[in-house]
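Please keep the structure in view while reading.

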Amino acid sequence: MTHTRLALTLTAATVMFATNLYGAATAHADESPSVPPGTEASASAPVEVDGNDPDLKIPEGATLAEPKVLDIKQVVEDQSGDERREDTNADVKFALQAEVLFGKDSAKLSGEAKSRIAAIAEEIKTQNATKVRVFGFTDNLGSSAHGDVLSRQRANAVHDVLDGELNDPDITFEVRGYGEQYPIADNSTEAGRKKNRRVEVSFPRTES
């Protein structure tokens with residue numbers, strides 16, 4: 001009996017210790033949870049469902065929609081937010097903030113920018129992509145017309161480096177400047193405007 005109580009005590013202590021460790025890890029990972037918010041395990045009992053409820057049954061004569069595979073998107077952004085990569089089943093997209101590539105209100109690339117673009121060119125080679133899209137974007141400060149011109153000039157500058165790095169006549173480019181259209185963040189804050197001032201390079205990924 002004494003051995004049994006000792007074993008139970010040790011087991012309870014181990015569970016409490018593990019729970020404390022798990023709680024700490026969960027708190028540390030709140031900013032990037034491993035599961036979508038709202039799908040975490042709950043300590044409360046699940047809601048009972050009545051399988052005979054008529055509202056849960058398909059009406060007579062109705063059919064289910066055809067099943068389909070949803071696209072999965074993986075997003076990786078460096079700590080500074082200067083560079084962002086999105087991977088889906090079909091495409092790869094890199095978004096580089098304008099401050100990393102250019103001076104203020106300029107379309108002249110910096111030395112650091114060229115090395116970052118060269119790294120993207122290597123990924124294009126890895127994926128054996130033959131179609132590459134280079135799109136420029138700005139925030140909503142200044143005139144819309146100026147943003148359209150600047151974003152196109154910046155997209156052209158990135159395209160020129162990519163084209164030189166790839167040196168492949170079989171690759172076709174689509175180069176556009178969208179100005180303040182299609183923001184990815186709130187233009188009412190400087191942090192948001194910084195994200196919106198960007199050049200995106202996207203291309204199909206290798207079929208698996």
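**Sheet, helices and salt bridges**

An open sheet is built from six strands in the order β1-β2-β3-β6-β4-β5, with mixed pairing. Strands (E, at least two residues) and helices (H or I, at least four) are DSSP runs, numbered from the N terminus, and two strands pair if DSSP finds at least two bridges between them. At the edges lie β1 (74-77) and β5 (172-177), each of which pairs on one side only. From one strand to the next, the twist averages 15°; angles run from 0 to 180 degrees between N-to-C directions, and axes are lines fitted to C-alpha atoms, for helices over the stretch in contact.

This is a predicted model, in which local features need pLDDT of at least 70 and side-chain atom pairs count only at pLDDT 80 or more, while totals for chains, interfaces and linings use all residues. Residues are numbered from 1 along each chain as its sequence is written, and side-chain values use heavy atoms, with hydrogens and water left out.

Within the sheet, β2 (residues 83-87) and β3 (residues 91-97) pair in the antiparallel sense over five bridges, and Asp87 stands opposite Val92 in β3. Helix α3 (residues 111-127) packs on the sheet and touches β2, β3, β4 (131-137) and β6 (198-204), where contact means heavy atoms within 4.5 Å. Helix α4 (residues 144-166) also packs on the sheet, touching β4, β5 and β6, and its direction makes about 160° with that of β5. The buried residues of α4 include Leu150, Val158 and Leu162; buried means under 20% relative accessible area, exposed over 50% and partly exposed in between (1.4 Å probe, protein chains only). Their cover includes α2 (98-101), α3, β4, β5 and β6. After α4 comes Asn167, whose phi is positive, near 50°.

Next come the charged side chains. A salt bridge is a side-chain nitrogen of Lys or Arg within 4 Å of a carboxyl oxygen of Asp or Glu, and the count comes to 16. One of them joins Arg116 and Glu83, with the closest N and O atoms 2.9 Å apart. This pair links helix α3 to strand β2, 33 residues apart. Arg116 is classed as buried because its relative accessible area is 18%, whereas Glu83, at 21%, counts as partly exposed.

Another salt bridge is formed by Asp139 and Arg197, at 2.6 Å between the closest N and O atoms. Asp139 lies in the loop between β4 and α4, and Arg197 in the loop between α5 (190-196) and β6. Both residues are buried. Through shared partners, salt bridges also join Arg84, Glu86, Lys93, Arg198 and Glu200 into one network.
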